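Reader: I would like to go through a structure feature by feature. Please take the general idea before the case.

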Amino acid sequence: MASRLQAFWNHPAGPKTIHFWAPTFKWGISIANVADFAKPPEKISYPQQVAVACTGVIWSRYSMVITPKNWNLFSVNVAMAGTGLYQLSRKIRKDYFSDEKDAAASLEG
């Protein structure tokens, strides 16, 4: 166990480097986006969620081509892409698809 901890500590993307701390603090964006799942879709910002999703996709790819592999950077960006795309899907469903169902229900009733 001690040798694994020491290997983690001395890794080129370990806690002694910015390569560890930058993605670790970036988790705050994903956590905030998850907290916003309870927010009504009307309050979701297209530009913000496009930026979060694109950042996640682009940096996920980048984290796999750099040396050393930074799995913390990869995982946080996959989470960012996922939460951003989910929020965009909620907003798009509300803006473009919910009115059709509401209109059809009002015509029937």
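Author: The model is predicted. Start with Trp71, which counts as exposed because its relative accessibility is 53%, and the cut-off for exposed is over 50%.

Reader: Which ring does Trp71 pair with, and how is such a pair read?

Author: A pair of aromatic rings is described by the distance of the centres and the angle of the planes. The structure holds six aromatic pairs. For Phe8 and Phe20, the ring centres are 5.8 Å apart and the planes lie at 80°, so this pair is edge-to-face. Phe8 sits in α1 (residues 2-10) and Phe20 in α2, twelve residues apart, and their pair links distant parts of the chain. Trp71 pairs with Phe74: centres 5.8 Å apart, planes at 85°, therefore edge-to-face. Trp71 and Phe74 are about one helical turn apart, because three residues separate them in α4.

Reader: Is Phe20 buried or exposed?

Author: Phe20 is buried, at a relative accessible area of 16%. Phe8, by contrast, is partly exposed at 42%, and Phe74 is partly exposed at 27%. Ring pairs also join Phe8, Phe20, Trp21 and Phe25 into a cluster.

Reader: What lines the largest pocket?

Author: Rolling a probe the size of a water molecule over the atoms shows where empty space is left. Here the largest pocket holds about 210 Å³ of space. Its lining has 14 residues, with His19, Tyr62, Ile66, Asn70 and Leu73 nearest the centre. Helix α2 gives the largest share of that lining, five residues. By type, the lining comprises ten nonpolar, three polar and one charged residue.

How values were computed:
Residues are numbered from 1 along each chain as its sequence is written. This is a predicted model: local features need pLDDT of at least 70, side-chain atom pairs count only at pLDDT 80 or more; totals for chains, interfaces and linings use all residues. Side-chain values use heavy atoms; hydrogens and water are left out. On a 1 Å grid over the protein atoms alone, a cavity is a set of points where a 1.4 Å probe fits but cannot get out, and a pocket is an open set with protein on both sides within 12 Å along at least five of seven lines; lining residues have an atom within 4 Å of a point. Grid points are joined across faces, edges and corners, and a volume is the space filled by probe spheres set on the points. Helices (H or I, at least four residues) and strands (E, at least two) are DSSP runs, numbered from the N terminus. Ala, Val, Leu, Ile, Met, Phe, Trp, Tyr, Cys and Pro count as nonpolar, Asp, Glu, Lys and Arg as charged, and the others, Gly among them, as polar. Rings of Phe, Tyr and Trp (its six-membered ring) pair if their centres lie within 6.5 Å; planes under 30 degrees apart count as stacked, over 60 as edge-to-face and the rest as tilted. Buried means under 20% relative accessible area, exposed over 50%, partly exposed in between (1.4 Å probe, protein chains only).
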